[in-house]
Amino acid sequence: VKVKLTDAGCDPAKLDLEAGRTTFAVTNAGTGRVSELELLSGARVLGEKENLVSGLSGSFTITLQPGRYTISCPGGTTAATGIVTVGGTAVHASADPRLQAATTG
Amino acid sequence: VLPTFVIGLREGVEAALIVGIVAAFLRKEGRADALRPMWLGVIAAVGLCVLAGVALELADQELPQRRQEGLETIVGAAAVGIVTFMIVWMRRHARDLSGELRRSAGAALASGSTAALVGMAFFAVIREGLETVVFLLAVLQNADDPVAGGAGALLGLACAVAIGALIYRGGVKLDLGRFFRITGAVLVLVAAGLVASTLHTAHEAGWLGSGQQPALDLSWLVVPGTWTSALLTGMLGWRPQVTQAELIGYLAYLVPAGAYVLWPAGRRVPAAPRQAAARP
């Protein structure tokens, strides 16, 4: 899923995703205010990318379970936080390709 | 100000501050001989970070951010311990640091402690270095204006090194006995800031989920994206948004440690017997 950092914060600030292995591709679309994106479950950080100045992009990948999460783009004016809704069915831990590789050898 | 300058300055100051303090302390405590291994360690750390950063780049891998935050948390916690050790050491030895006693066995820094300090400088650079190298490489390759961005980041790092050098010079010039309170108070502020920033990285590493409600809004003072914010965050651990956990940790360190340092000398607890025995 692609998210841009803007002066407002996270763009889009509302995401509807399906459960499973998800890569967050974060791009700074030319803002000097915001340089970081965090994905949180409650108050716990699940993944983040920081130090993204104008023109830089980065990504992180995690396995999402169904539920509600928040994204945070600290420094943004109107969209410093956003909502992520994950639907679908619970994903087995072995959906993680690394874990699969490790267990099946 | 260029955003890359601010990031370079902040990451650099966090490392330069600890290296500067460690170097000044070793020098003041008559262990100038340990400065050489310390510098070798710092250079090795910079080299390792550059190698690791380039390797990540060549393998087209992202910096594992959570592991990076975990590393920062562990090194930050160790740094709190080391700075606290310095504070206690200086307080204990502040009175009899003048003249001969300084060179006596009782007041000399044990080699175990020296090794810990040298190791601290190494890890302080590792802690910030990898992230900085990855950032620098990304700026040079992808930023809107790689030349200005890269120059800004390098300039930020250069300013950070200059600040580290100033801390070292200032620390060496201060008379430890007379100015212990000033040095001690500065170290208490630095260590309390390390406590707060360590709690922050612990949160970002996914280790700390509680106490994350906002407690204090300092964004009027620590304005995001400014060079003053880079210094305030890098040196004192102050952030625009302070969480409850960070505020409690900060005060829980600052208040008792501050009292310990500022308590009038006359009412001081008696010096350790070891020191008394060392007196001729």
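Student: Hi! Is Asn51(A) buried or exposed?

Tutor: Asn51(A) is buried, at a relative accessible area of 6%. Buried means under 20% relative accessible area, exposed means over 50%, and partly exposed is in between, using a 1.4 Å probe and protein chains only. This is a predicted model, where local features need pLDDT of at least 70 and side-chain atom pairs count only at pLDDT 80 or more, while totals for chains, interfaces and linings use all residues. Residues are numbered from 1 along each chain as its sequence is written, chains are lettered from A and ligands numbered from 1 in the order in which they are written, and side-chain values use heavy atoms, with hydrogens and water left out.

Student: Thanks! What is the phi of Asn51(A)?

Tutor: Its phi is near 60 degrees, a positive value in a residue other than glycine. Asn51(A) sits in the loop between β6 (44–49) and β7 (57–64) of chain A. Helices (H or I, at least four residues) and strands (E, at least two) are DSSP runs, numbered from the N terminus.

Student: Which residues does the cis peptide bond join in chain A?

Tutor: Asp11(A) and Pro12(A), with omega at about 0 degrees. Pro12(A) belongs to the loop between β2 (9–11) and β3 (14–18) of chain A.

Student: How many helices and strands does chain A have?

Tutor: Chain A has one helix and nine strands. Going from the N terminus, the order is β-β-β-β-β-β-β-β-β-α. Of the 105 residues in chain A, 42% are buried.

Student: Switching to chain B: what span should helix α1 have?

Tutor: Helix α1 of chain B covers residues 3–28, and its 26 residues should span 38 Å at 1.5 Å a residue. The end C-alpha atoms are 37 Å apart, which agrees. The expected span is 1.5 Å times one less than the number of residues.

Student: Where does α1(B) bend?

Tutor: At Val13(B), by about 30 degrees. That bend is the angle between axes fitted to the seven residues ending there and the seven starting there. α1(B) is also mostly covered, with 23 of its 26 residues buried. Gly30(B), which follows α1(B), has a positive phi near 70 degrees.

Student: And α2(B), which residues are buried there?

Tutor: They are Leu35(B), Met38(B), Gly41(B), Val42(B), Ala45(B), Cys49(B), Gly53(B) and Leu56(B). An α-helix has 3.6 residues a turn, so residues three or four places apart point the same way. What covers the buried residues of α2(B) includes α1, α4 and α5 (146–173) of chain B. Ala52(B) also lies in helix α2 of chain B, but Ala52(B) is partly exposed, with a relative accessible area of 31%.

Student: What comes just after α2(B)?

Tutor: Asp60(B), which takes a positive phi of about 60 degrees. Asp60(B) is in the loop between α2 and α3 of chain B and is exposed, with a relative accessible area of 69%.

Student: How many residues does each chain bring to the contact?

Tutor: Chain B brings 25 residues and chain A brings 19 residues. Contact means heavy atoms within 4.5 Å. About 1,800 Å² is buried between the two chains, and carbon and sulfur atoms give 47% of that. In chain B, Glu62(B), Gln65(B) and Glu204(B) lose the most area to chain A, together 27% of what that side buries. Buried area is the accessible area (1.4 Å probe) that two parts lose on being put together, summed over both.

Student: How many salt bridges are there across the interface?

Tutor: The rule finds one across the interface of chain B and chain A. A salt bridge is a side-chain nitrogen of Lys or Arg within 4 Å of a carboxyl oxygen of Asp or Glu. Glu62(B) pairs with Lys49(A), the closest N and O atoms being 2.9 Å apart. The pair runs from the loop between α2 and α3 of chain B to strand β6 of chain A. Lys49(A) is buried, with a relative accessible area of 5%, whereas Glu62(B) is partly exposed at 34%.
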